Amino acid sequence: MGGWIYTIAFYVCAALLVASALGVLLLRNLFHAGLSLIAALFTMAALFILLGAEFVAGIQVLIYVGAIAVLILFAVMLTQRIAEEKVKRYTRALLPGLAVALALVIVMILVTTGLTGYGFTPFATEDTVGDIGKALLSTYVLPLEVISLLLLGALVGAIVLARKEEEK
Amino acid sequence: MTITPAHFIGLAFIIFAIGFLVVVVRKNAIAILMGVELMLNAVNLILLAFNRIHGTMELDGQVFAIFVIAVAAAEAVVGLALILAVYRSLGTVSIDDLSALKG
């Protein structure tokens, strides 16, 4: 997969993604952290397109940015007082958490260096969206039905949990 | 310098570590959910990158990523409903204050 445009696009997206993910970690105001999460999800969709997964990128924008991120922002607005700037951001687990994350990164770098020999294989068909649809309704039809049950359960559970207590 | 799938996988590892750090370290329960979303997204990126390494006759990686996104949606909905219920009964979503089950 070539071209310097592709390389530049990858590095720009990677820088934006790491920056906005760090924003989720570092920003004091939780609403700003939520906006940073939206930026991270958008750049992730761009990376999906760079990997040739246009359909997954579209799903990502629709579900993550359109639904989950807005839901998270609503929850932030419902539970935060806007003036709540003085609150501490981090728990006591800051140093152990940093140590474990660092160890995680080191192990993963070791894993990644073993993968550098692999290149991109081209897609067999042009019509990846059609192939995904066929796979979902033939090979993966059982997981698809289970997912629909899971979503129904989550829907009912969320309604039960979020409903106001009835007055006795 | 050409981009290989290893670049995408390394980037996904970095994002996963940041998401893990958000989950472990941030105090607010909603921020923890944001960290979980970051980790799930990193896993999706790895799935799509491996889908390009191996034969792309089948689109298993992409189908699996779609399932991950659906499960993430369910997780976010139930998690936020739980957080709102906790907030209504205790008046806080700070993890340090939710210690009623401490042994």
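Accessible areas were computed by the Shrake-Rupley method with a 1.4 Å probe, and for residues only the protein chains shown count as cover. By this method, chain A exposes about 10,200 Å², of which carbon and sulfur atoms supply 74%. The structure is a predicted model, in which local features need pLDDT of at least 70, side-chain atom pairs count only at pLDDT 80 or more, and totals for chains, interfaces and linings use all residues. Residues are numbered from 1 along each chain as its sequence is written, chains are lettered from A and ligands numbered from 1 in the order in which they are written, and side-chain values use heavy atoms, leaving out hydrogens and water.

Chain A has 6 helices and 0 strands; helices (H or I, at least four residues) and strands (E, at least two) are DSSP runs, numbered from the N terminus. The C-alpha trace of chain A spans about 60 × 40 × 30 Å along its principal axes.

Helix α1 of chain A (residues 4-26) has 23 residues and reaches 33 Å from its first C-alpha to its last, close to the 33 Å expected at 1.5 Å a residue, the expected span being 1.5 Å times one less than the number of residues. Its buried residues include Tyr6(A), Phe10(A), Cys13(A), Leu17(A) and Leu25(A), where buried means under 20% relative accessible area, exposed over 50%, and partly exposed in between (1.4 Å probe, protein chains only). Their cover includes α2 (30-50) of chain A, together with α1 (5-25) and α2 (29-53) of chain B. Across chain A, buried residues make up 35% of the 168 residues.

Methods
Contact = heavy atoms within 4.5 Å.
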